[in-house]
Amino acid sequence: MQPSRADRPDPDNEVRTAVAAAYRDEWGRVLAAIAAYTGDLELAEECTQDAFVRALDTWPRDGIPDRPGAWLTTTARRRALDDLRRRASLRQKLPLLTESEARVDDGVPGAADSDATIPDDRLRLIFTCCHPALAREAQVALTLRMLCGLTTAEIARAFLVSEPTMAARVTRAKKKISAARIPYRVPAASELPDRLDAVLTVLHLVFTTGHTASVGDRLHRPELTDRSVSLARMVVRLMPDEAEAKGLLALMLVDEARAPARTDAAGELVLIADQDRRRWNRALIEEGRALLVVALRTGGRPGRFALQAAIAALHAEAPRAEDTDWRQIVGLYDLLLVVWPSPVVALNRAVAVSMMDGAAAGLAALASLSPAEQGVLARYHYYPAVKADLFRQLGRSAEAAEQYRLALELVDNAAERRFLARRLSELAPTR
């Protein structure tokens, strides 16, 4: 008996799914590999985009390749070669392409000379985009957009600015690279420390975007957290004496250890206080704690990533939520505000204060924020969500409802929306 038309797989849908998966998993590798071939970041982005468009046209006819990343890299490279042949600068650029192709292993993205300083093309591109000629926020935003494939909206949320503002920053960064003729060049070993903080910031933002997705139905995007952890491990191997690199990796590992318990069987958000701690990955926690100990013993004042890792480790060490050492966590936030003054850090500190001294103390801590800090947090849905929860604990239902509604206007992740809507519905009715 032949399957009905409705039961047959849709080949177009299979191709779209395969291309979407390749974009999620391979975009950064393909772009980094083509940038290495051409030495031209803008051309590399155009060729990589074209390769994905061609996949939508070609794969339905020829079938989905066994190695989508290799197919996309080869297609993008051919487009780059064709484009360069049409340019007047062919004589100068063809030798560079020939040298680059000699380093490629059968079109597999990321294959590189084993003697290279930086062992992964994606990591090379991050260090390259974090050029000191660009402003720090431009370095980070450009890298997130070019290498990690994050949308402008996702990057804007990470920086707590509007989408048009972030789009303008990325455009200006690209134009500056072109106008100043900043080359795609792997920085020398002596240049790496000056770019390290920007590189770590990029990896942290990629991880954060994957840890709690800003949009979509999923709370967790493991493809982003896995990618950032992998690259952070490379940075630690590349620069083993850098305490902040170890601190960042420790933070990622301890946070990722909680991933299995952050949602229930129905995909609903579970707060850390209500999570089943037996589901936490103890191997990742122990690995993170070991890295943190080394980072803190390196000497000097702990950096922002080591301090955040220490806060995460205190949460992980508590056998029950009520055993959490909130006083020590507040102290760590006080240190973090010194080395990294940030409205988001101040917001998290206020939450810790509320856990230590009660909801009224938490609201007082929020009220002490400057108008500028409150203005920045106005785009951050956790700000009204935290206020709503503190009002709820104090029985101030009308004020809590108002803040929950503000948070719902700002949040785009479906799991977080459902959680906030449920909390709003549970409030005691008010006149």
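Reply: With a relative accessibility of 41%, Arg54 counts as partly exposed, where buried means under 20% relative accessible area, exposed means over 50% and partly exposed lies in between, for a 1.4 Å probe and protein chains only. The structure is a predicted model, in which local features need pLDDT of at least 70 and side-chain atom pairs count only at pLDDT 80 or more, while totals for chains, interfaces and linings use all residues. Residues are numbered from 1 along each chain as its sequence is written, and side-chain values use heavy atoms, with hydrogens and water left out.

Arg54 is placed in helix H2, helices here being DSSP runs of H or I with at least four residues and strands being runs of E with at least two, numbered from the N terminus. Setting aside residues up to four places away in sequence, Arg54 touches Trp71 and Thr75, contact meaning heavy atoms within 4.5 Å. The C-alpha atoms of Arg54 and Thr75 lie 8.3 Å apart, although 21 residues separate the two in sequence.

Ala51 also lies in helix H2, but at 1% relative accessibility Ala51 counts as buried. Apart from neighbours within four places in sequence, Ala51 is in contact with Trp71, Leu72, Thr75 and Ala76, so that Trp71 and Thr75 are touched by Ala51 and by Arg54. Between the C-alpha atoms of Ala51 and Arg78, which are 27 residues apart along the chain, the separation is 9.4 Å.

The aromatic side chains of this part deserve a separate look. A pair of aromatic rings is described by the distance of the centres and the angle of the planes. Rings of Phe, Tyr and Trp (for Trp, the six-membered ring) pair if their centres lie within 6.5 Å, and planes under 30 degrees apart count as stacked, those over 60 as edge-to-face and the rest as tilted. By this rule there are five aromatic pairs. One of them joins Tyr23 to Phe52 in an edge-to-face arrangement, with 5.6 Å from centre to centre and 75° between the planes. Because Tyr23 belongs to helix H1 (residues 11-38) and Phe52 to helix H2 (residues 41-62), this pair ties together parts that are 29 residues apart in sequence. Tyr23 is partly exposed at 33% relative accessibility, whereas Phe52, with a relative accessible area of 7%, is buried. The pair of Trp59 and Trp71 is edge-to-face as well, since the ring centres are 5.4 Å apart and the planes stand at 70°. Here Trp59 in helix H2 and Trp71 in helix H3 (residues 68-85), twelve residues apart, link distant parts of the chain. Trp59 is buried at 2% relative accessibility, while Trp71, at 23%, is partly exposed. Tyr23, Trp27 and Phe52 form one aromatic cluster.

For context, the protein chain has 20 helices and two strands, and 52% of its 431 residues count as buried. Elsewhere in the chain, the axes of helix H5 (residues 121-129) and helix H9 (residues 192-211) come within 8 Å and cross at roughly 110°, the axes being lines fitted to C-alpha atoms, for helices over the stretch in contact, with angles from 0 to 180 degrees between N-to-C directions. H5 and H9 are therefore roughly perpendicular, a term for 65 to 115 degrees, with under 35 counted as roughly parallel, over 145 as roughly antiparallel and the rest as oblique. Ile126, Phe127 and Thr128 of H5 make this contact with Leu192, Arg195, Val199, Val202 and Leu203 of H9. These residues divide into six nonpolar, one polar and one charged, with Ala, Val, Leu, Ile, Met, Phe, Trp, Tyr, Cys and Pro taken as nonpolar, Asp, Glu, Lys and Arg as charged, and the others, Gly among them, as polar.

Towards the other end of the numbering, the axes of helix H19 (residues 397-410) and helix H20 (residues 414-426) come within 10 Å and cross at roughly 165°, which makes H19 roughly antiparallel to H20. Ala401, Tyr404, Arg405, Ala407 and Leu408 in H19 meet Arg417, Leu420, Ala421, Arg423 and Leu424 in H20, a contact with seven nonpolar, no polar and three charged residues.
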